Amino acid sequence: MSLFSWQEGAWSQLTKNNKMHHAYLFVGASGAGLEKFASTFAQSLICNKLKDTNEPCGICQDCQWLLTEHPNLQVIDNSAEDSSSNNISIESIRNLKRFFELSSHQIGGNKVILIHNAESLTLNAANALLKILEEPPENSYLILTTNSISALLPTIISRCLIVSCPKPTNEEARQFLKLEGHENLSSQLPLFNNLPLDLIANQSDNELFETIIEEFKKGKDFELMTIESKWLSGDFSAIISLFQKWIYDIFLFKLTTKSHFFEHKKENIKKLSNNTDISKLIRLVKSVNNIKSISNKPINKELAFDNLMIEYKNIFK
Ligand SMILES: [Zn+2]
């Protein structure tokens, strides 16, 4: 149940005063442990013997129940909802309303609802939730999480206490990877916006990324024939992002002799950067940005990627 090291400061800020709100909106990145931060808070409202740090103790009867299912906690996680859509339906929210209306479990205590990815609420569901927020029963708490606060109704946001979930510093992220036995992945942190959980979750992508970068390194000797169908069959947007970061570093090095995403491949970046024609490079940056903006749409990926790679080969002298 313990928090990530980079969350400890924000946790003590959040829990140091006893003034409780009925609704909380946790905002941040999943890759920085947003869900864990929010669910630890939800559990702390139910645990009977909080630690000195106000974290749930993990051993009382309530904490034991939380490991499986606690009658006073309802969790909505749309990734676990019916697979036909990722939206959180109005039925789910109506069920929550009934949960709040039923008398508290015989042991008493707080009732807590935790809704992950609140941006996935349908408009009807959001309006139903708003009704609950307007008249929250006693000893009841609503906790929402979101990666994307701008996708929520302003009326929902205004009724919640907003809690920002911190991101790890580069050093904290590295320490975390080391503790988890993934020290070898540290150099790739910039590629994942310094979010170690995203990095670990996408390890299969990492291997593919490494293969692709080996080819990008060839610069004007890049061979279109080496493009494999598996490069393009998965998340096309992720592959374009990878190329975008690669080009960004070549461009950045040209201007500043620094790199951002591929610090561990700086020698390659330097060599390529020194051989590029700056005006062609600027045009390529624009082309990549264009493709990125439509990469989630149904486009001919092979053709789009081939064209990008032809343009890439041409930026080198
Ligand atoms: Zn406990």
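These are my notebook entries on what I looked up in this predicted model.

**Ground rules**

I number residues from 1 along each chain as its sequence is written. Because the model is predicted, I keep local features to pLDDT of at least 70 and side-chain atom pairs to pLDDT 80 or more, with totals for chains, interfaces and linings using all residues, and side-chain values rest on heavy atoms, with hydrogens and water left out.

**Entry: the whole chain**

I began with the overall picture. The protein has 14 helices and five strands; these are DSSP runs numbered from the N terminus, helices being H or I with at least four residues and strands E with at least two. Along the principal axes, the C-alpha atoms fill a box of roughly 75 × 40 × 30 Å. Of the 317 residues, 44% are buried. My accessibility words are these: buried is under 20% relative accessible area, exposed is over 50%, and partly exposed is in between, with a 1.4 Å probe and protein chains only.

**Entry: the zinc ion**

Which residues coordinate the zinc ion? I found Cys47, Cys57, Cys60 and Cys63, each through SG, at 2.3 Å. Donors here are N, O and S atoms within 2.8 Å of the metal (3.2 Å for Na, K and Ca), and sites may look incomplete because water is not among the atoms. Along the chain, the donors of the zinc ion follow the spacing C-x9-C-x2-C-x2-C.

I then checked the angles. The four donor atoms give 105 to 115°, and the site is tetrahedral. For reference, the ideal angle for four tetrahedral donors is 109.5 degrees.

**Entry: Leu67**

Leu67 sits in helix 3, residues 61–68. Is Leu67 buried or exposed? At 59% relative accessibility, Leu67 counts as exposed. I also took its C-alpha separation from Val27, and found 24 Å for a pair 40 residues apart along the chain.

**Entry: salt bridges**

I counted five salt bridges in the structure. The criterion is a side-chain nitrogen of Lys or Arg within 4 Å of a carboxyl oxygen of Asp or Glu.

Arg159 and Glu134 form one of them, at 3.7 Å from N to O. This pair links distant parts of the chain, 25 residues apart: Arg159 is in the loop between helix 6 (154–158) and strand 5 (161–164), and Glu134 is in helix 5 (residues 123–134). Arg159 is partly exposed at 37%, and Glu134 is partly exposed at 42%.

Next I noted Lys217 with Glu214, whose closest N and O atoms are 2.8 Å apart. Lys217 is partly exposed at 23%, as is Glu214 at 37%.

Glu215 and Lys218 make another salt bridge, with closest N and O atoms 2.9 Å apart. In this pair Glu215 is buried at 14%, whereas Lys218 is partly exposed at 40%.

**Entry: positive phi**

Asn194 has a positive phi of about 65°. Asn194 lies in the loop between helix 7 (170–179) and helix 8 (196–201), and is buried at 14% relative accessible area. Thr257 has a positive phi near 55°, and is found in the loop between helix 11 (236–256) and helix 12 (266–274).

**Entry: Ser295**

Where does Ser295 lie? I placed Ser295 in the loop between helix 13 and helix 14 (301–314). Ser295 is buried at 4% relative accessibility. Its side chain has a polar contact of 3.4 Å with that of Ser237, and also reaches the backbone oxygen of Lys292 at 2.8 Å. A polar contact is a pair of N or O atoms within 3.5 Å; within protein, one must be able to donate a hydrogen and the other to accept it, and residues adjacent in sequence count only if both atoms are side-chain atoms.

**Entry: Lys220**

Lys220 is in the loop between helix 9 (203–216) and helix 10 (229–233), and is partly exposed at 44%. Lys220 and Ile310 are 90 residues apart in sequence, yet their C-alpha atoms are 8.9 Å apart in space.

Terms used:
Four donors count as tetrahedral if all angles lie between 85 and 135 degrees; four count as square planar and six as octahedral if opposite donors are over 155 degrees apart and all others between 65 and 115; anything else is irregular.
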